[in-house]
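Welcome to this guided tour! Open your viewer, get ready to select residues by number, and follow along stop by stop.

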Amino acid sequence: MINKLAIIGVGLIGGSLARDLRAQGLVGEIVGYGRSVSNLSLAVDMGVIDRVANGARAAAAGADVVVIAVPVASIGDVLREIAPAIGTDSVVTDVGSVKQSVIHAARTALDERFANFVPGHPIAGTENSGVGASLEGLFRHRRVILTPTDETDAAAIERVQTLWQVTGANVVLMDAVEHDRLLAASSHLPHMIAFSLMDTLVRLDEHRKIFEYSAGGLRDTTRIAGSDAVMWRDIVLGNREALLTVLRQYHEDMEELIAAIERSDADWLVDTFNRARHAREMLNKS
Ligand code: NAP
């Protein structure tokens, strides 16, 4: 049971988590804080939070659990702000999509309360933002990765683990370096491809006609290009090295594809497409 839960950043992820925890009867009061008044008022109207605090520190004061669900580059600022309000037994966690940079910021911001911080990342979401896009059941049967350090308090890890398990998620513990490397390939690269593909198309003179004559292929491939630009700016800059490694690999593979088309290499194309098709079947089963 959580008597007071503070959600800082009541958007898609923070709002969805609050909704699940309330639905499961796990929380007493849910206090929210964020940026725009309009989003926070909507969160109250929707019953996602009980009230709005007048600052991040006020939200965190007396909270058993504080969830930080703002874009990753802002997590350090929020942690610095709430640090004096974190009680000895309070647990602070985040949902940021990159982990090493967040852990680095948390260590500096929290100082002696760093052990109370459990870095986390739910592998679930949509391309929509704000509390209006929040969904009950978003995390059911999805993975949540926690990346505690050697200094993280064992009881705090267990508490955050339980919190996510209540939403129906499967919680796994992982090293932050491995998390950032895996997510660079599984999530960050596909987003880069979707953003750049749409940007390439929209800069073609005939883009309106191209969109008009597009079918499911373009829509399926680029759904995630509708994601929030600031959130993705932060993820890219927060996971720069791992993302660059996999982006460079992708760039090399695109050069190979171009070369194969230039030399009309039918065998290369069939082999490559078959390998990709097989990989897609593996993805469906995983
Ligand atoms: P979101 O829907 O835009 O929610 C973020 C909320 O934080 C917004 O309500 C925003 O306020 C507020 N906010 C932004 N900057 C703030 C600041 N400096 N101080 C206080 N509040 C601030 O975004 P989201 O999709 O929930 O993403 C939140 C976090 O979850 C990010 O770190 C992201 O990397 C991570 N994540 C996202 C997904 C996904 O699929 N979207 C999946 C897993 C993890 P306004 O409403 O006023 O803009």
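A residue counts as buried under 20% relative accessible area, as exposed over 50%, and as partly exposed in between, using a 1.4 Å probe and protein chains only. The helices (H or I, at least four residues) and strands (E, at least two) on this tour are DSSP runs, numbered from the N terminus. This is a predicted model, in which local features need pLDDT of at least 70 and side-chain atom pairs count only at pLDDT 80 or more, while totals for chains, interfaces and linings use all residues. Residues are numbered from 1 along each chain as its sequence is written, and side-chain values use heavy atoms, with hydrogens and water left out.

**Stop 1: strand E5**

Select residues 91–94, which make up strand E5. Which way do the side chains point? Val91 and Thr93 point one way, Val92 and Asp94 point the other way, and all are buried.

Two strands count as paired if DSSP finds at least two bridges between them. Strands of a sheet pair through backbone hydrogen bonds, either parallel or antiparallel.

E4, helix H4 (residues 72–82) and E5 make a right-handed β-α-β unit. The chain then crosses from E5 through helix H5 (residues 100–110) to E6, again in a right-handed β-α-β crossover. Right-handed is said if, with the strands pointing away from you, the path from the first strand over the helix to the second runs clockwise.

**Stop 2: the whole sheet**

In what order do the six strands of the open sheet lie? Read across, the order is E3-E2-E1-E4-E5-E6, and the pairing is parallel. Strand E3 (51–52) and E6 stand at the edges with a single partner strand each, so one side of each has no neighbour in the sheet.

Walk through the other pairings:

- Strand E1 (residues 2–8) runs parallel to E4, joined by four bridges; Ala6 stands opposite Val66 in E4.
- E1 is also joined to strand E2 (residues 27–33) by six bridges, and these two run parallel; the bridge partner of Ile2 in E2 is Val27. The chain gets from E1 to E2 through helix H1 (residues 12–23), in a right-handed crossover.
- E2 and E3 run parallel with two bridges, and Val31 has Arg51 in E3 as its bridge partner. Here the chain crosses through helix H2 (residues 37–45), and this crossover is right-handed too.

**Stop 3: an aromatic pair**

Select Phe139 and Trp164. The structure holds one aromatic pair, and these two residues form it: edge-to-face, 4.9 Å centre to centre, with 85 degrees between the planes. Rings of Phe, Tyr and Trp (its six-membered ring) pair if their centres lie within 6.5 Å; planes under 30 degrees apart count as stacked, over 60 as edge-to-face and the rest as tilted. Phe139 lies in the loop between strand E7 (120–122) and strand E8 (143–146), and Trp164 in helix H6 (residues 154–166), so the pair ties together parts that are 25 residues apart in sequence. Phe139 is buried at 0% relative accessibility, and Trp164 is buried at 1%.

**Stop 4**

Is Ser134 buried or exposed? Ser134 is buried, with a relative accessible area of 4%. A polar atom of the Ser134 side chain lies 2.7 Å from the backbone oxygen of Val131. That is a polar contact: a pair of N or O atoms within 3.5 Å, where, within protein, one must be able to donate a hydrogen and the other to accept it, and residues adjacent in sequence count only if both atoms are side-chain atoms.

His141 is found in this loop as well. His141 is exposed, with a relative accessible area of 65%, and has a positive phi of about 60 degrees although it is not a glycine.

**Stop 5: helix H7**

Finally, select residues 176–202, helix H7. At the N-terminal end, Asp175 caps the helix, with a side-chain oxygen 3.0 Å from the backbone nitrogen of Val177. Where does H7 bend? Look at Ala184, where the bend is about 50 degrees; a bend is the angle between axes fitted to the seven residues ending there and the seven starting there. Buried residues in H7 include Ala184, His188 and Met192.

Terms used
Expected span 1.5 Å × (residues − 1).
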